[in-house]
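Reader: I would like to go through the labels used for this structure. For each one, please set the value against the definition.

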Amino acid sequence: MSELRSALDELAALELGELSEDTLLDLVGELSVTANRVAAVLTSVVRAADRREAYRRDGAVSMKAWLRGSCRMAPEEATATVSTGRRLEQLPGTAAAFAAGEIGATHARVITKAMTPGRIAKAAEAGIDLGETDAILAALARATAPHETARGVKAWVAGVDPDGTLDDAADVRRRFTMASGMDGRVHLRGELDAVGGEYLHAALAALMSGDRPAGDPRSHAERQGDALVALARAALDAGGLPTVRGERPHVRVTIDLVALCAERGAAGFAGGSLAWAGPINPETARRLACDAGVSRVLTGPSGLPLDVGREQRTSTAGIRRAIEVRDEHCVFAGCDAPPEWCDVSLPGFRGHRHSGGIATGGVSSWAGSTRRSSG
């Protein structure tokens, strides 16, 4: 073990800036294989400790619990390490490829996770040799990335245990969280089942590919993010969502009237605020005011409302049609976004908003001009 630590110390002390590009790439390849081999040894040692119940020395109830407590492994990682070690005992081909560093821990887990005792028994009943299956899947793992290996494993599972795959398909748990960060950005996280993911992917792909402007510089991730926003906005605009507290769901922006009507970049004006996401700058509030309903609320010195006016649209349907006939497209310099991407804004609600050609755009008032929007 001391020799291993010494070797790691030498690697950590390398002056990477002095190495040639060829040497760097060779080093990455060697370290990748070494990392796979170390992961394989760790899995084997964990299996040996698990078999001998060595974890009882420290009062742990299982090897998974010991790994979580003593090695600070994440629960899912501890479970995967113990399970992989147990099932590799029946898959010598996969174990050998793992030990040689030819495949990684993810490959090994993809294969072993599918090799349940029930499926192995069904394969034996059908005359499918486990050794031959092991050799085929190990060869597949050597030649492909983990997600491609997973496809081959799924094909084997479907052939051996077609009814058993219903248990996997029945897992339709869907999770999605949104959190507003201190930097003003909104952070998303979640997971979907295969069918739910396919629905979302199909909808986003339609928005991403249906109207992509020439020379679009956005990355795939950026276009997908814009498409998600466009999908939500289209749902709100369609009016088919359930009402909330007696009114249609909508995006609410609160901003001082003077700040709303001020020139872009004018100093001394506070920004607005979104109902959920929080503070925004005045220009963002002005952009959102394009083609929106505006409600006047008068407040006293203490901030309490004194008077609430009736909501008014910034433009009627008739005015919008007239502007679309007149302008034909966004009239911002150099922008030719079609009218369906555009909003109508009143004088004073200025701004040119982009959404990569998939969300909506802007039209100014009858006295103004068409403006493309960033949604």
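Author: A nonpolar surface patch of about 790 Å² is formed by Phe176, Met178, Val186, Leu188, Leu192, Leu200, Leu228, Leu231 and Trp276. Strand S1 (175-180), strand S2 (186-191) and helix H12 (220-238) each give two or more residues to this nonpolar patch. The model is a predicted one, in which local features need pLDDT of at least 70 and side-chain atom pairs count only at pLDDT 80 or more, while totals for chains, interfaces and linings use all residues. Residues are numbered from 1 along each chain as its sequence is written, and side-chain values use heavy atoms, with hydrogens and water left out.

Reader: What makes a group of residues a patch?

Author: Patch residues have over 30% relative accessible area and no salt bridge; nonpolar side chains (Val, Leu, Ile, Met, Phe, Trp, Tyr) are joined within 5 Å, and like charges within 9 Å. Areas come from the Shrake-Rupley method with a 1.4 Å probe, and for residues only the protein chains shown count as cover. Leucine 188, in strand S2, has a relative accessible area of 46%.

Reader: Why is leucine 188 called partly exposed?

Author: Buried means under 20% relative accessible area, exposed means over 50%, and partly exposed lies in between. Leucine 188 has 46%, so it is partly exposed.

Reader: Why is threonine 43 called buried?

Author: The value for threonine 43 is 6%, which is under 20%, so the residue counts as buried. Threonine 43 is in helix H2 and touches Thr81, Thr84, Gly85, Leu88 and Phe98, leaving aside residues up to four places away in sequence. Contact here means heavy atoms within 4.5 Å.

Reader: Why is arginine 72 called exposed?

Author: Arginine 72 has 71% relative accessibility, over 50%, and therefore counts as exposed. Arginine 72 sits in the loop between H3 and helix H4 (75-88), and its phi is near 55°, a positive value in a residue other than glycine.

Reader: How do you know that arginine 51 and glutamate 89 form a salt bridge?

Author: A salt bridge needs a side-chain nitrogen of Lys or Arg within 4 Å of a carboxyl oxygen of Asp or Glu. The N to O distance for arginine 51 and glutamate 89 is 2.4 Å, so the pair qualifies. The pair links distant parts of the chain, 38 residues apart: arginine 51 is in helix H2, and glutamate 89 is in the loop between H4 and helix H5 (92-99). Helices (H or I, at least four residues) and strands (E, at least two) are DSSP runs, numbered from the N terminus.

Reader: What describes the packing of H7 and H9?

Author: The axes of helix H7 (residues 117-125) and H9 come within 10 Å and cross at roughly 65°. Their contact is made by Arg119, Lys122 and Ala123 of H7 and Trp156, Val157 and Val160 of H9. Axes are lines fitted to C-alpha atoms, for helices over the stretch in contact, and angles run from 0 to 180 degrees between N-to-C directions.

Technical notes:
Buried means under 20% relative accessible area, exposed over 50%, partly exposed in between (1.4 Å probe, protein chains only).
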